[in-house]
Amino acid sequence: METLKLDSPQGAGWRRINETPAGYGRTMPPIFARKTDAGAECWVVPDESSSNYQGLVHGAFLASLGEQVLYLPLALHERMGVGGGTLTVDFAMQYLAGAALGVPLVGEVECIRETGRLAFIRGTLRQDGEAVMGFTATLRKLKSRTPPGTVSENG
């Protein structure tokens with residue numbers, strides 16, 4: 001299994017985004033990301049926990065990975081908004097090819113348009129240079145991270 005050497009030229013600028021995962025995030029292998037001129041890149045090696053019955057990467061894993069990296073162009077370019085978070089309004093994906101376990105998936109994610117409250121995202125996950133999944137999404141920038149119906153300390 002290939003690893004990303006963060007202290008090498010190959011690893012320049014990468015940082016782990018799920019260092020202390022909570023909840024569902026604990027089911028994901030380490031995910032690394034870095035800022036690019038166009039948005040962001042992500043890097044992850046799918047392991048056995050990511051497999052389907054055919055011994056390939058499960059489509060649900062690819063969908064989850066795509067959804068988990070949508071915010072990267074906003075976060076890494078410091079455009080998250082006052083609440084510091086986002087909500088996925090819609091998410092569409094296209095499975096383009098099967099993906100192998102143990103081979104790094106590299107994602108390219110960019111914000112193709114942004115308004116005051118919304119961001120329109122597009123991305124591609126590749127393995128060995130071949131596109132395995134494409135995705136698009138609309139994100140809403142949150143004013144606060146307090147869930148609806150929750151009483152805050154400020155009343």
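**Exercise 1. R126 and its partner**

Classify R126 in this predicted model as buried, partly exposed or exposed, and identify the residue with which its side chain forms a salt bridge.

*Solution.* 
Step 1. The relative accessibility of R126 is 29%. Buried requires a value under 20% and exposed a value over 50%, so a residue in between is partly exposed. R126 therefore counts as partly exposed.
Step 2. The R126 side chain meets that of E108 in a salt bridge, with an N to O distance of 3.6 Å.
Step 3. Strand β6 holds R126 and strand β5 holds E108, so this pair ties together parts that are 18 residues apart in sequence.
Step 4. E108 is also partly exposed, at a relative accessible area of 35%.

**Exercise 2. A network of salt bridges**

Determine which elements are tied together by the salt bridge between E114 and K141, and which residues belong to the network.

*Solution.* 
Step 1. The side chains of E114 and K141 meet at 2.5 Å, N to O.
Step 2. E114 belongs to strand β5 and K141 to strand β7, so the parts tied together lie 27 residues apart in sequence.
Step 3. Through shared partners, salt bridges join R79, E114 and K141 into one network.
Step 4. E114 is partly exposed, with a relative accessible area of 26%, whereas K141 is buried at 9%.
Step 5. The count of salt bridges comes to 5.

**Exercise 3. The pair E41 and R34**

State the distance between the closest N and O atoms in the salt bridge of E41 with R34, and classify each residue by accessibility.

*Solution.* 
Step 1. The closest N and O atoms of E41 and R34 are 2.8 Å apart.
Step 2. The threshold for buried is under 20%. E41 has a relative accessible area of 19% and is therefore buried.
Step 3. R34, with a relative accessible area of 23%, is partly exposed.

**Exercise 4. Aromatic pairs**

Assign a geometry to each of the 2 aromatic pairs found in the whole structure.

*Solution.* 
Step 1. F32 is in strand β2 and W43 in strand β3, 11 residues apart. F32 is buried at 12%, and W43 counts as buried at 6%.
Step 2. The ring centres of F91 and F135 also lie 6.0 Å apart, but their planes are at 55°, so this pair is tilted.
Step 3. F91 lies in strand β4 (residues 86–95) and F135 in strand β7, 44 residues apart. F91 is partly exposed at 24%, while F135 counts as buried at 2%.

Terms used: Residues numbered from 1 in each chain as written. Predicted model: local features only at pLDDT ≥ 70, side-chain atom pairs only at ≥ 80, totals over all residues. Heavy atoms only, no water. Salt bridge = Lys/Arg side-chain N within 4 Å of Asp/Glu carboxyl O. Buried < 20%, exposed > 50% of the residue type's maximum accessible area, 1.4 Å probe, protein only. Helix = DSSP H or I, 4+ residues; strand = E, 2+ residues; numbered from the N terminus. Phe/Tyr/Trp six-rings, centres within 6.5 Å; stacked < 30°, edge-to-face > 60°.
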